[in-house]
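User: I would like to learn how to read a few features of a protein model. Could you take me through them one at a time?

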Amino acid sequence: MIVTPESLHACLLASLQPMHDELVQIRRDIHAHPEVSWHETRTSELVAARLERAGMSPDRLEPAGVIVDLGAAMPIYRVGLRADIDALPLVERTDLPFRSRIDGVSHSCGHDVHTTALLGATLALHERQAELERLGLAVRCIFQPAEEAMPGGARALLDLGRLEGVDAIYAVHCDPRRDVGQVGIRRGPITAASDEVHVILHGAGGHTSRPHLTQDVTYALAKMVTDLPAVLTRRLDPRSAAALIWGAIHSGTAPNVIPEVGEARGTLRMLDAIAWENVGPLLQELVQELAAPYGVRAELRHTRGVPPVVNTPEGAETLRLATLRVIGPDAVQDTEQSLGGEDFAWMLQGRQGALARLGTRTAGGHTYDLHRGDLQIDEGAIMHGARLFAAIPFAALEHRAQLEEPLAPGGGRASRVRAAH
């Protein structure tokens, strides 16, 4: 039996189209009820309940998250699809009617769109269960908690063995600098390594009129936050593109008191995985050396975060094929490597796959940014994300067939996905 990619993807689009209004409402519900990392219980229950209503048997994870398997019981190829479901501890600053109802928490990174898009794709793929079985194809849909935490939910799922048997895995991330209907694709590294750096300085405080009788933690901290990023750029290969950026600095409570403790917290990001693997001892050395002249005691808490997401060539080509099939040739765009971190990187260790950037900007509209309380997303991105997720498993099998098939007459490769007998 021969199944063409065109017919498969036409069926997926037909399955998804009636879901449009429902998916928009689900996204708005999730957006209005954001949950931070490891607390995504309501979101998980919403997803699991909808899958159960469709006849599936999702696995509810503890404390949060959902996984459901579709397709062949003994597949020749298993594709993972991952969406992160957590929100940020950030106040939303929009006037949307479905804005966050939870004080100090918001979906300001677009994970509500990722979740809803994968939910729609899962429902559509479930309707294509017969095709999946005939093709010997399995799909594991993963609604992952705690992407915004360090260490993140991806690492936890790997440690629990929840990705065993997955041959390739794919994810999307909202890109508010790209128009709706556009998909950014890149071979190789697409994100950066990201760690948390927490420096704590301790000293004998005292009166600001007698700094010579104290260990001036505040002055030492000021030197630390300016000099540590600068020295790193001279001790690391500049090609690693290391950037240490502070997000929180605190020392003291009164203008005439030198405090006993000061601290700075930030993120260290770099493009090079090898430099990331070896930076820990260097950070420790530099923190101690910079603190020494001021007589303060320095404590470094360096939390390893994530390596860069490295899209494999096969994974990037699968994304390109899927985008062509269900969005169109004008949707495919090259994209750059960013300094953002993504714990999806752990899931790609040792397997094929890729991360795509999903355009969420209204054409001609305002350009927002991620991790800002004013983020607004064009809801047309939800259906594009659902189409892309749903098309990826079949595109992955199609690409593998192209690599394995002999040349067709005229020098081109046959472009059909052969069903399993």
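User: Which side chains does the polar contact of 3.0 Å join?

Analyst: A polar contact is a pair of N or O atoms within 3.5 Å, where within protein one must be able to donate a hydrogen and the other to accept it, and residues adjacent in sequence count only if both atoms are side-chain atoms. Here the side chains of Asp 175 and Arg 178 are joined by such a contact of 3.0 Å. This is a predicted model, in which local features need pLDDT of at least 70 and side-chain atom pairs count only at pLDDT 80 or more, while totals for chains, interfaces and linings use all residues. Residues are numbered from 1 along each chain as its sequence is written, and side-chain values use heavy atoms, with hydrogens and water left out.

User: Is Asp 175 buried or exposed, and what does Asp 175 touch?

Analyst: Buried means under 20% relative accessible area, exposed over 50%, and partly exposed in between, with a 1.4 Å probe and protein chains only. Asp 175 counts as buried because its relative accessibility is 10%. Asp 175 is found in strand β6 (residues 168-179), where strands (E, at least two residues) and helices (H or I, at least four) are DSSP runs numbered from the N terminus. Contact means heavy atoms within 4.5 Å, and, not counting residues up to four places away in sequence, Asp 175 touches Arg 357, Leu 358, Gly 359, Thr 360 and Arg 361.

User: How does Gly 252 count at 23% relative accessibility?

Analyst: Gly 252 counts as partly exposed, because its value is 23%, and Gly 252 lies in the loop between β11 and β12 (257-258). With residues up to four places away in sequence left out, Gly 252 touches Pro 259 and Val 261.

User: In what order do the 4 strands of the open sheet come?

Analyst: Strands of a sheet pair through backbone hydrogen bonds, either parallel or antiparallel. Two strands pair if DSSP finds at least two bridges between them. In this open sheet the order is β11-β13-β9-β14, and the pairing is antiparallel. The edge strands, β11 (243-251) and β14 (297-306), each pair on one side only. Strand β11 is joined to β13 (residues 261-270) by 8 bridges, and the bridge partner of Trp 246 in β13 is Gly 266.

User: Which residues touch the most other members of the largest nonpolar core?

Analyst: A nonpolar core is a set of buried Ala, Val, Leu, Ile, Met, Phe, Trp, Tyr and Cys residues joined through side-chain atoms within 4.5 Å. The largest one has 65 residues, of which Leu 51, Leu 81, Phe 143, Tyr 170 and Ile 392 touch the most other members. Helix α11 (residues 380-404) supplies the largest share of this core, 13 residues.
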